[in-house]
Amino acid sequence: MNVLIVGSTGQVGSELIKLAPDYFNVIAPTSSELDVTDKGSVDDYFVEFNPFIVINASAYTAVDKAETEADKAFSINDNGVKNIAIAAGARGIPVFHISTDYVFCGKKETPYTESDATNPIGVYGASKLAGEKALTEFCDKHIILRTSWVFSSSGNNFVKTMLRLGRDRSEISVVSDQFGCPTSAASIAKALWAFGCLLYKYDSTSTKEDFPWGLYHYSNKPSCSWYDFAQEIFKQSKQLGLLEHEPGLKGISTSEYPTLAKRPNFSILDCEKIKNLGFVDIPEWQSELNDVLSDLI
Ligand SMILES: NC(=O)c1ccc[n+]([C@@H]2O[C@H](COP(=O)([O-])OP(=O)(O)OC[C@H]3O[C@@H](n4cnc5c(N)ncnc54)[C@H](OP(=O)(O)O)[C@@H]3O)[C@@H](O)[C@H]2O)c1
């Protein structure tokens, strides 16, 4: 059974390849082999490989740059998803897709559930929300996993940035009034494969109609601020010998660290819905962080 992984070189894409169950045959093109913005390129892969599932881990993820490259962000995060959704929907092929906590404005004070109203405050969030809508409209059999603060040993992320700064500087200022849930790319890949395994079992025993399709929030636990996250990164990095000394850490407010794109102050996702399915693990980010840092030794 072929599983087509789009965006296979990214943080989540790389983990999807590493963690793929061996009864799936993974097809993992690069973005130059399968460009989601090119409808013909998307269709060619569907025709050639007739995938059992398509997992879309591709995205335009440069949150600040998106403010000045809105066309590019929408072309990948909205139109690209639409191209996949139309090709899959027409053939009855399921699509597993990843979205973001940045579809919310961050004004809530309790964790966001799947039924909360969306209201992105930046271009990236708006483009990802448009992609969610395109997938929902054109492909019935979909799983959308909204996640947050993704980290892994590959690619660009907060953990790698903190490690670099921790080596170069004696004191680092980190925002302490934005709250969310760090989430390892590996745990996201495991969650998606858990749906994949279930679908594999369904295929021989049942119709795909009663599969738990839909929108889910998924992050690691517990919630924290970027400052708390940085503190743990430095503590563990020192313990593992990745840093000689823990740098001084200073908490600052969002207003003291202006960025091109506004971020939600509060983007904690309520993960009860996915937890209640009973087959998806929600690990603590501290232990996931330990695995990622150990990979970097
Ligand atoms: N990073 C986060 O903190 C975060 C938070 C919440 C949600 N998410 C979501 O999680 C998912 C995975 O994120 P990630 O951090 O793994 O992303 P990533 O590391 O930035 O990887 C993005 C992937 O998309 C590919 N891509 C870009 N443009 C493409 C195109 N036109 N056609 C095909 N592939 C293309 C990239 O390939 P090239 O490198 O060759 O361009 C890369 O493989 C995304 O949906 C993202 O929105 C991420």
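**Surroundings of Phe46**

Leaving aside neighbours within four places in sequence, Phe46 is in contact with Pro51, Val54, Ile84, Ala87, Ala88, Arg91 and Ile93, where contact means heavy atoms within 4.5 Å. The model is a predicted one, in which local features need pLDDT of at least 70 and side-chain atom pairs count only at pLDDT 80 or more, while totals for chains, interfaces and linings use all residues. Residues are numbered from 1 along each chain as its sequence is written, and side-chain values use heavy atoms, with hydrogens and water left out.

**The nonpolar cores**

Phe46 also belongs to the largest nonpolar core, which has 50 residues. Such a core is a set of buried Ala, Val, Leu, Ile, Met, Phe, Trp, Tyr and Cys residues joined through side-chain atoms within 4.5 Å. Buried means under 20% relative accessible area, exposed over 50%, and partly exposed in between (1.4 Å probe, protein chains only). Together with Phe46, the residues with the most contacts inside this core are Val54, Ile84, Phe158, Met162, Phe229 and Leu289.

At least two residues of this core come from each of β1 (2-6), α2 (39-49), α3 (70-91), α4, α5 (158-168), β7 (171-175), α7 (226-239) and α9 (285-295). Helices (H or I, at least four residues) and strands (E, at least two) are DSSP runs, numbered from the N terminus. Helix α3 gives the largest share of the core, seven residues. Apart from this core lies another, of 41 residues, among them Phe52, Trp193, Leu199 and Tyr218.

**Helix α5**

Phe158, Val159, Met162, Leu163, Leu165 and Gly166 are the buried residues of α5. These buried residues pack against β6 (150-151), β7, α7 and α9. At the start of α5, the backbone nitrogen of Val159 has a side-chain oxygen of Asn157 within 3.1 Å.

Phe74 has its place in helix α3. Phe74 counts as partly exposed because its relative accessibility is 29%. Neighbours within four places in sequence aside, Phe74 is in contact with Asn79, Val123, Ala126, Ser127 and Ala130. From Val159, Phe74 is 85 residues away in sequence and 27 Å away in space, C-alpha to C-alpha.

Thr183 lies in strand β9 (residues 183-184). With a relative accessible area of 0%, Thr183 is buried. A polar atom of the Thr183 side chain lies 3.2 Å from the backbone nitrogen of Asn220. Not counting residues up to four places away in sequence, Thr183 touches Thr147, Ser148, Trp149, Val150, Phe151, Ile188, Tyr218, Ser219 and Asn220.

**The ligand and its shell**

Around the ligand there are 23 residues, of which Thr9, Ser31, Thr61, Tyr124 and Lys128 come nearest; a residue is near a molecule or strand if one of its heavy atoms lies within 4 Å of it. By class, the shell has ten nonpolar, eleven polar and two charged residues. Here Ala, Val, Leu, Ile, Met, Phe, Trp, Tyr, Cys and Pro count as nonpolar, Asp, Glu, Lys and Arg as charged, and the others, Gly among them, as polar. Each of α1 (11-18), β4 (95-100) and α4 (123-138) supplies at least two residues of the shell, and β4 contributes the largest share, three residues.

A polar side-chain atom of Thr61 lies 2.7 Å from an oxygen atom of the ligand. An N or O atom in the side chain of Asp35 is 2.8 Å from a nitrogen atom of the ligand, and a backbone N or O atom of Ala59 is 3.2 Å from an oxygen atom of the ligand. Of the 900 Å² of accessible area that the ligand has on its own, the protein covers 79%. Accessible areas come from the Shrake-Rupley method with a 1.4 Å probe; for residues, only the protein chains shown count as cover.

Terms used. A polar contact is a pair of N or O atoms within 3.5 Å; within protein, one must be able to donate a hydrogen and the other to accept it, and residues adjacent in sequence count only if both atoms are side-chain atoms.
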